[in-house]
Amino acid sequence: MNRTFKHIAFASTLLIAAPHAMGSLLTGGNFADNCSIADWEQYGNVAISGTPGNCAAILSVDDVVDFETELSQALALSSGIDYLLNVDFSIDTTTTDPTLDDVFSISLLNQDFDFIELFSTDILAAQNFSESLTIAATELASYANQDWSLSFFLFDGADFDDNQSSVSIAFASLDAVATDVPEPSSLALLVLGCAGILGRKKRFFTRINNNISANQTRGGHNQ
């Protein structure tokens with residue numbers, strides 16, 4: 001019987017601890033539909049381009065005036081929770097000089113100037129990306145300052161290579177991944193199933209006890 005209760009407890013734990021993604025923590029991250037970057041901090045050459053349903057936030061560097069560009073947003077992250085960042089974007093460059101490449105990175109920055117680099121790539125040619133980037137709670141907890149911002153950063157490797165590069169971000173979503181609380185219907189099914197198992201075991205042991213008692217009675221009569 002004790003083993004049955006252990007199995008029931010284990011099944012309940014699996015049901016309750018199933019992971020699920022919560023709502024996005026970013027505001028205005030659907031650039032393709034919103035056609036706006038008003039909810040984001042902007043530095044350097046940042047713009048919005050396109051028509052509703054096909055817009056993108058554009059970061060660009062031209063090696064002379066704008067050698068670095070950033071699009072960022074402050075975050076409210078909770079301790080003990082993992083996060084998943086989904087980003088759809090494309091990169092492009094003139095690649096006039098392939099010696100010193102421009103670089104695009106996605107990072108978390110805090111007020112102590114600590115940073116966690118989530119993604120980085122040299123811009124060598126036109127390319128599309130659809131990235132799912134995990135932010136672990138254990139990594140966040142290793143920093144004293146928890147005032148984080150998400151940063152999309154485009155940097156020109158040198159101001160004399162004449163490369164002109166750009167990054168077009170269509171979509172960005174940051175979701176907290178937490179433990180799931182089962183719906184009442186799921187709990188009810190679990191309880192009913194456990195009750196059925198317990199009832200069947202109880203009837204089984206009752207029949208065994210009755211058979212033992214009957215055999216003992218017949219054995220006494222035979223003596």
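**Notes on the strands, the core and the disulfide**

1. Valine 167 sits in strand S11, residues 165-179 (helices, H or I, of at least four residues and strands, E, of at least two are DSSP runs, numbered from the N terminus). With 0% relative accessibility, valine 167 is classed as buried (buried is under 20% relative accessible area, exposed is over 50%, partly exposed is in between, with a 1.4 Å probe and protein chains only).

2. Some ground rules before going on. This is a predicted model, where local features need pLDDT of at least 70, side-chain atom pairs count only at pLDDT 80 or more, and totals for chains, interfaces and linings use all residues. Residues are numbered from 1 along each chain as its sequence is written, and side-chain values use heavy atoms, with hydrogens and water left out.

3. Back to valine 167 and its surroundings. Not counting residues up to four places away in sequence, valine 167 touches Ala57, Ile58, Leu59, Phe89, Ser90, Ile91, Phe104, Ile123 and Leu154 (contact here is heavy atoms within 4.5 Å). Glutamine 127 is 40 residues from valine 167 in sequence, and the C-alpha to C-alpha separation of the two is 9.8 Å.

4. Now the core. The largest nonpolar core has 36 residues, and Phe89, Ile106 and Phe152 are the ones that touch the most other members (such a core is a set of buried Ala, Val, Leu, Ile, Met, Phe, Trp, Tyr and Cys residues joined through side-chain atoms within 4.5 Å). At least two residues of this core come from each of S4, strand S6 (82-93), S7, S8, strand S9 (127-135), S10 and S11. As general background, nonpolar side chains tend to be buried together in soluble globular proteins.

5. Once neighbours within four places in sequence are set aside, phenylalanine 89 contacts Phe104, Ile106, Phe119, Gln127, Asn128, Phe129, Glu131, Val167, Ser168 and Ile169.

6. Which strands pair with S10? S5 does, running antiparallel to S10 with seven bridges, and so does strand S7 (residues 102-110), antiparallel over eight bridges (pairing needs at least two DSSP bridges between the strands). Glutamate 68 stands opposite phenylalanine 155 of S10, while asparagine 110 has tryptophan 148 of S10 as its bridge partner. Strand S10 itself, residues 148-155, is mostly covered, with six of its eight residues buried.

7. Threonine 69 is in strand S5 (residues 68-74) and counts as buried because its relative accessibility is 0%. Its side chain reaches the backbone oxygen of serine 60 at 2.8 Å (a polar contact is a pair of N or O atoms within 3.5 Å; within protein, one must be able to donate a hydrogen and the other to accept it, and residues adjacent in sequence count only if both atoms are side-chain atoms). Beyond four places in sequence, the contacts of threonine 69 include Tyr43, Leu59, Ser60, Phe152 and Leu154.

8. Glutamine 73, also placed in strand S5, is buried at 7% relative accessibility. The side chain of glutamine 73 reaches the backbone oxygen of aspartate 39 at 3.4 Å.

9. How many disulfides does a search of the whole structure find? One (a disulfide is a pair of cysteine sulfur atoms within 2.5 Å). Cysteine 35 is joined to cysteine 55, S to S 1.9 Å. The S-S torsion is about 85°, so this disulfide is right-handed. The pair links distant parts of the chain, 20 residues apart: cysteine 35 is in the loop between helix H2 (31-34) and strand S2 (41-43), and cysteine 55 is in the loop between strand S3 (45-49) and strand S4 (56-61). Cysteine 35 is partly exposed at 22% relative accessibility, whereas cysteine 55 is buried at 3%.

10. A backbone check to finish. Most residues other than glycine have a negative phi. Cysteine 35 has a positive phi, near 50°, and phenylalanine 113 has a positive phi near 70°. Phenylalanine 113 is in the loop between S7 and strand S8 (115-123), and counts as exposed because its relative accessibility is 76%.
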